[in-house]
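Please look at the structure below. A short report on its parts follows.

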Protein chains: 2
Amino acid sequence: MASGVGEGEVVSNKQVIFKDYVVGFPTESHMYITTSSVSLKLPQGSDGVLVKNLYLSCDPYMRIRMRKMEPSPFSSAPYASFAPGSPLIGYGVAKVLDSGHPDFKKGDLVWGITRWEEYSLITKPESLFKINHTDVPLSYYTGILGMPGMTAYAGFYKVCSPKKGEYVFVSAASGAVGQLVGQFAKLMGCYVVGSAGSKEKVDLLKNKLGFDDAFNYKEEPDLAAALKRCFPEGIDIYFENVGGKMLDAVLLNMRLHGRIAVCGMISQYNLDQPEGVGNLMTIIYKRVQITGFSVVDYYPEYSKFLDLVLPHIREGKITYIEDIANGLESSPAALIGLFTGRNVGKQVVAVARE
Amino acid sequence: MASGVGEGEVVSNKQVIFKDYVVGFPTESHMYITTSSVSLKLPQGSDGVLVKNLYLSCDPYMRIRMRKMEPSPFSSAPYASFAPGSPLIGYGVAKVLDSGHPDFKKGDLVWGITRWEEYSLITKPESLFKINHTDVPLSYYTGILGMPGMTAYAGFYKVCSPKKGEYVFVSAASGAVGQLVGQFAKLMGCYVVGSAGSKEKVDLLKNKLGFDDAFNYKEEPDLAAALKRCFPEGIDIYFENVGGKMLDAVLLNMRLHGRIAVCGMISQYNLDQPEGVGNLMTIIYKRVQITGFSVVDYYPEYSKFLDLVLPHIREGKITYIEDIANGLESSPAALIGLFTGRNVGKQVVAVARE
């Protein structure tokens with residue numbers, strides 16, 4: 001057994017290391033790039049896979065994993081803290097170089113949880129999804145065809161039970177998830193308004209992504225009034241990506257039996273103390289349902305999701321805006337940029353083109 | 001048609017009048033007692049019913065109707081403002097003295113929405129429920145067998161989808177609704193803890209109502225710590241009657257896929273500005289569902305509810321604590337007492353004993 005261990009070619013492996021827990025706003029200095037080495041052959045007896053990372057996904061929820069969280073029965077897996085001194089962990093698209101697992105073979109393309117480095121040894125590859133459709137951009141598997149796409153699908157169709165003609169509001173609407181929720185809602189025959197943080201994004205929402213209306217939340221002195229202007233009849237469905245003041249304003253504008261799918265609260269991730277939300281009595285007055293959800297509960301429906309969304313992509317009925325940074329070195333800045341809204345569309349890092 | 005109109009005996013009719021909209025804490029001076037007169041015969045051609053009110057129900061939600069609310073497409077019926085100068089409106093038990101409606105006849109006992117006065121002309125009696133079981137106290141139809149009972153049933157069984165062995169927390173637990181939620185939860189095989197505002201109430205919860213544990217929230221400097229002490233494994237189901245700081249503390253203690261049924265938020269009703277709730281990120285971390293509900297959506301299940309709860313009452317498996325004030329004159333103080341926690345159990349006003 002000892003012979004043959006690590007006999008493969010050894011190559012250098014650039015990595016993005018998580019330096020230490022973050023309080024307040026994350027900066028590039030909370031990460032650093034280093035180079036280690038890796039054997040391109042799996043350790044003998046491993047039932048994992050060795051992959052070359054092609055695209056890495058920058059996702060807002062990663063900020064949550066930068067917090068120091070005491071391990072407890074309450075700290076559930078998707079939000080467990082990153083380990084200081086180790087590479088960041090996140091979604092990505094990768095190519096299998098060596099496999100000890102019967103479900104994967106050399107040359108397979110996969111997406112799922114990997115690490116922020118050039119090559120990764122994934123010891124539990126069961127959570128990876130095999131990529132079977134390559135007539136669409138591979139990077140889409142970090143976005144519309146990956147976790148954010150499934151998140152939009154689950155949050156909109158499954159959590160919100162939308163009906164034709166309903167009034168839908170999406171915050172962070174040009175982001176990886178929001179831009180899809182808006183398009184799903186239009187396909188469903190809903191009236192859809194989005195908020196975003198720049199004129200450029202608002203223009204994209206209205207002119208490229210098919211939203212009925214959109215506003216720049218940074219230019220609205222009164223968010224509740226902005227929503228009332230956009231939704232004189234009130235809001236049936238709110239797809240929540242933002243939290244804080246936006247949630248408070250939305251609550252004042254909810255309709256009877258309105259539904260709020262809570263996907264994220266990016267406005268709160270960098271605060272030491274979360275903002276208080278006052279208008280919760282609306283939950284009673286309007287019999288509102290607020291549902292937090294995690295995409296991981298919906299992954300069993302992934303192939304059904306692909307059946308829905310792939311034809312729409314191929315027929316041009318759904319578009320997807322990506323913001324692709326080049327090279328692993330660019331990934332810390334790309335990740336940090338999510339929290340200033342620098343990205344336009346889904347933020348991806350291209351580590352290697354196959 | 002003109003002859004015979006109003007030919008019945010005319011009697012005096014004591015009424016509790018809503019004086020004017022309330023800001024802050026309501027007091028007895030926001031109501032006054034007056035005496036008008038009423039004919040004990042319906043106007044000819046009326047398809048309403050004329051009733052003698054026997055019991056009136058003091059319910060926290062009535063505070064909401066004391067606020068000035070601008071009429072808008074958003075102001076839904078159950079919370080529309082009371083009209084200054086008119087009697088308060090609320091649930092009660094009454095006896096039909098005259099009926100122009102085919103569903104009701106003289107002598108019928110009913111419960112439902114009536115007015116705070118001795119005799120009421122109810123023009124739309126369709127919303128009244130006929131009382132068919134009189135082997136239980138009639139006053140129960142303001143509580144366990146009326147709106148609060150249906151509220152507990154709907155909120156616990158329908159909204160929370162409870163499972164055996166789950167951890168259930170009930171605030172305002174000795175109140176009209178809470179005491180029943182706790183007993184339903186015990187019948188379901190859950191572990192149940194309640195909070196209340198006095199030692200007497202805590203003792204009742206533990207020793208008479210069968211709660212596994214209970215605490216006096218007024219004596220807990222740290223509500224989150226109190227809940228952690230009572231629920232080391234966390235809370236699966238929170239039946240929300242209180243809002244504000246209690247909700248914030250509960251959120252920190254919710255378990256994965258926890259459910260919160262929002263029945264009321266009595267701690268907020270008398271505030272000009274609601275308290276901000278900060279711990280809403282839990283909704284994401286723990287994939288929590290928060291559902292506001294109104295009993296009116298569940299009234300179609302009333303007979304099913306009776307089938308469940310009547311046998312439990314008759315067999316002594318469910319008890320119900322009432323706090324009965326005597327005479328219409330006592331009703332303003334009884335209503336105000338809800339907001340200081342003066343009542344022990346369901347607050348009823350006995351207007352007349354048949």
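## Two helices meet in chain B

In this predicted model, B:G149, B:M150 and B:Y153 belong to α1(B), and they meet B:Y302, B:F305 and B:V309 of α7(B). Sort the residues of this contact by type. Five are nonpolar, one is polar and none is charged.

Now look at the angle. Helix α1 of chain B covers residues 147-160, and helix α7 of chain B covers residues 302-314. Their axes lie 11 Å apart, and the packing angle is about 90°. Angles of 65 to 115 degrees count as roughly perpendicular. So α1(B) and α7(B) are roughly perpendicular to each other.

## The helix pair in chain A

Chain A has a helix pair to look at too. Helix α1 (residues 147-160) and helix α7 (residues 302-314) of chain A cross at roughly 90°, and their axes come within 11 Å. α1(A) and α7(A) are therefore roughly perpendicular to each other. On the α1(A) side, A:G149, A:M150 and A:Y153 make the contact; on the α7(A) side, A:Y302, A:F305 and A:V309 do. This contact has five nonpolar residues, one polar residue and no charged ones.

## One sheet, two chains

How many strands form the open sheet? There are 12, and the pairing is mixed. Follow the order from one end: β10(A)-β9(A)-β8(A)-β11(A)-β12(A)-β13(A)-β13(B)-β12(B)-β11(B)-β8(B)-β9(B)-β10(B). The edge strands are β10 (213-216) of chain A and β10 (213-216) of chain B, and each pairs on one side only. From one strand to the next, the twist averages 15°.

## Strand by strand in chain B

Start with strand β8 (residues 167-170) of chain B. Three bridges pair β8(B) with β11(B) in the parallel sense. In β11(B), B:I237 is the bridge partner of B:V168.

Next comes strand β11 (residues 235-240) of chain B. It runs parallel to β12(B), and five bridges join the two. B:F239 has B:A261 of β12(B) as its bridge partner. β12(B) also pairs with strand β13 (residues 289-292) of chain B, again in the parallel sense, over four bridges. Here B:V262 has B:G292 of β13(B) as its bridge partner.

Is strand β12 of chain B largely enclosed or open? Seven of its nine residues (254-262) are buried, so β12(B) is largely enclosed by the rest of the structure.

## Helices on the sheet

β11(B), helix α5 (residues 244-251) of chain B and β12(B) form a β-α-β unit, and the unit is right-handed. Helix α3 (residues 199-207) of chain B lies across β9 (191-196) and β10 of chain B. α3(B) runs at about 175° to β10(B). α5(B) packs on the sheet and touches β8, β11 and β12 of chain B. The direction of α5(B) makes about 170° with that of β11(B).

## Where the chains touch

How many residues of chain A are in contact with chain B? The count is 33, and they meet 33 residues of chain B. On the chain A side, the elements that give two or more residues are β12 (254-262), α6 (282-285) and β13 (289-292). β13(A) gives the largest share, four residues. By type, the chain A side has 16 nonpolar, 13 polar and four charged residues.

β13(A) and β13(B) run antiparallel and are joined by three bridges. Within this pairing, A:Q289 stands opposite B:T291 of β13(B).

Technical notes:
Residues are numbered from 1 along each chain as its sequence is written. Chains are lettered from A and ligands numbered from 1 in the order in which they are written. This is a predicted model: local features need pLDDT of at least 70, side-chain atom pairs count only at pLDDT 80 or more; totals for chains, interfaces and linings use all residues. A residue is buried if 20 or more other C-beta atoms lie within 10 Å of its own, exposed if 12 or fewer, and partly exposed in between; C-beta atoms are placed from the backbone. Two strands pair if DSSP finds at least two bridges between them. A crossover is right-handed if, with the strands pointing away from the viewer, the path from the first strand over the helix to the second runs clockwise. Two residues are in contact if their C-beta atoms, placed from the backbone, lie within 7 Å. Ala, Val, Leu, Ile, Met, Phe, Trp, Tyr, Cys and Pro count as nonpolar, Asp, Glu, Lys and Arg as charged, and the others, Gly among them, as polar. Axes are lines fitted to C-alpha atoms, for helices over the stretch in contact, and angles run from 0 to 180 degrees between N-to-C directions. Angles under 35 degrees count as roughly parallel, over 145 as roughly antiparallel, 65 to 115 as roughly perpendicular and the rest as oblique.
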